[in-house]
Amino acid sequence: MKNTITIGIQWGDEGKGKIVDLLAPEADVVARFQGGPNAGHTLIIGNQKTVLHHIPSGILHHNTLCLIGNGTVLDAVELRDEIRLLEDSGVPVAERLRVSDRCQLILPYHRALDAAREVARGAGRIGTTGRGIGPCYEDKACRRGIRLCDLNSRNLDERLERNLKLVNFMLSEYLNAEPVSRDTVEEALALARQHVLPLAADVPMLLHQQRRAGASILYEGAQGTMLDIDHGTYPFVTSSNTVAGAALAGLGVGPNAVEEVIGVAKAYMTRVGAGPFPTELYNAEGMNHAAGKHLAEAGHEFGSTTGRPRRTGWFDAIVTRHAVRINGITSLAITKLDVLDGLEEVKLCTGYILNGRMLEYIPADAAAFAACEPVYETMPGWQQSTYGVTNADQLPQAARHFVQRIAELCEAPVSMISTGPDREHICHL
Ligand code: IMP
C-alpha cells in the first residue's frame, strides 16, 4: 500500500471508518491527526458494531500500530472507556496504541464552556457535539492548554489555577452557568495520568523510524472538509483543520510522506448540527421531502457520537469538487450507494443560483451559501438491490452511470464503491 491519507469530503459521517478498516490490513501504521471525541467512526465486523471516537480504526487489525498525533484533542475518560471496550472484546490495545505527548487534553471545563456557549447562542447555535472540542482548541491557540506532557510538570498547579479562574469567571459572569470545581479537574487529570500517560510517545520520531523501515502509513481524517475551520461553512464548522494538509502538521511529517489521498463521500449528503446545506431535503425541524426521508431511513442516519438525526439531501457535486481540489484527492470512495436503491430518480447538484446568478463555487459567507438554490441534473434511479454487490459490473446500469457522473463532475476517479455496512460489501474499481 502507498502512504495514503483518507478523509471525508462532505460534512462528516461519510463512512471513513469502513474505508480505513478496509485499507488497514495493508498498512503498518494508522495515524489520526486532528479532532477528538467529536468523531465517531462506526465499524461493523460480523454482527458486532464498534464506535471509535479517538482510537484509529486500524486497531481491529492486530499487527497495526495506531498513533494519535499532536493535532488531536484528547478526553482521557473517553479514551479510557474506548480502550476498555476494545480490550473486553479481545482486541489488544495497550501495546499497539501510542499518543503524542504534545496532545492537548480536554478537561471538564472545556465541556462546561462548550455547553454553556451553545445555550447562550440560542437560535444561532452551531449544534456542536458538546465534547469540549472548540474550547480546547481555543486554549491551544491562546497558549494556555494543558498537554499530555504537562501532566507531571512543576507549574501545572499554577497554570490550572489561572485557567480555572478565567473559565469560572466566564461561566458564572457571562454565561449564567455553574462553575467547575478544582476537584472535578483533578479527577480527570488523575485518569489521564493513569490511562493515557503510559501511552505517551514522541509520535514524529516513531513515524520517522517507521518510514525509514519502509512501513506503509495510513493517515485517518475525522469530520469532513466542509467542517474545516478555514475551508468549511464557517462559523458552522469544527475547530480544527480537517483537510488533507492537516495530516502533516497534526502528526509531524512532511509533504513527501504522502502519495495518495482518498476522498470518502456518500452517494448523497448528510449533515448534523446547524449551518448551510443547499441540497437539504429532510430534517428533524419539519423539512420532509419523500426522497430525503428515504435517505434518512434507509441510511440509518443518526449521529454516531450524539445519536442526533442527521439532515439528508442530494449529492452536491459543487461541494465535493471543492473538496477534491483543496485536498488533492487522487481517488474517490463512494459509500452507501445501496441507500439509493428503489428511488425513481436520483439527483446531482451541479450549480447554485444566487441572486439570479449561476454559481459553480461555494460562497465564503455562510449566509450567502445558505441562500443558494441548487441546480440539479436528474438521472433515472434503479429498482434492483445493490446491497452487498462486490463487482461493479454487476451494478444496475443506472447506478453505474450515476457513479460515473459523480467522477466526471468531481474531477476525480472512483476507486471504491461501498454497497453495505460490512467489510465485504465493497466494489474495487
Ligand atoms: P464540534 O466539533 O463538537 O465543535 O461541532 C462543530 C460542528 O461539527 C457541529 O455541526 C457538529 O455536528 C459537527 N461535527 C463534529 N464532529 C463531527 C463528526 O465526526 N461527524 C459529523 N459532524 C461532526
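Analyst: In helix H4 (residues 133–141), the buried residues are Ile133, Pro135, Cys136, Tyr137 and Asp139; buried means under 20% relative accessible area, with a 1.4 Å probe and protein chains only. Helices (H or I, at least four residues) and strands (E, at least two) are DSSP runs, numbered from the N terminus. The model is predicted: local features need pLDDT of at least 70, side-chain atom pairs count only at pLDDT 80 or more, and totals for chains, interfaces and linings use all residues. Residues are numbered from 1 along each chain as its sequence is written, and side-chain values use heavy atoms, with hydrogens and water left out.

The buried residues of H4 pack against strand S6 (73–74), strand S8 (104–105) and helix H3 (108–121), where contact means heavy atoms within 4.5 Å. Just after H4, Arg143 adopts a positive phi of about 60 degrees.

Six residues from domain 2 and five residues from domain 3 make up their contact.

The second largest pocket has a volume of about 310 Å³. A pocket is an open set of points on a 1 Å grid over the protein atoms alone where a 1.4 Å probe fits, with protein on both sides within 12 Å along at least five of seven lines; lining residues have an atom within 4 Å of a point. The volume is the space filled by probe spheres set on the points, which are joined across faces, edges and corners. Of its 15 lining residues, Arg125, Gly273, Ala274, Glu285 and Arg311 are the closest to the centre of the second largest pocket. Because domain 2 (104–195) and domain 3 (265–428) both contribute to the lining, this pocket lies between them.

The largest nonpolar core has 60 residues, of which Ile5, Tyr219, Leu332, Leu337, Leu340 and Phe402 touch the most other members. Such a core is a set of buried Ala, Val, Leu, Ile, Met, Phe, Trp, Tyr and Cys residues joined through side-chain atoms within 4.5 Å. Helix H12 (residues 397–410) supplies its largest share, eight residues. Domain 1 (4–100 + 200–262) and domain 3 (265–428) each provide at least three residues to this core. Apart from it lies another core, of 37 residues, including Val93, Cys103, Ala116 and Leu175.

How values were computed
Domain bounds come from an automatic or database domain assignment. Buried means under 20% relative accessible area, exposed over 50%, partly exposed in between (1.4 Å probe, protein chains only).
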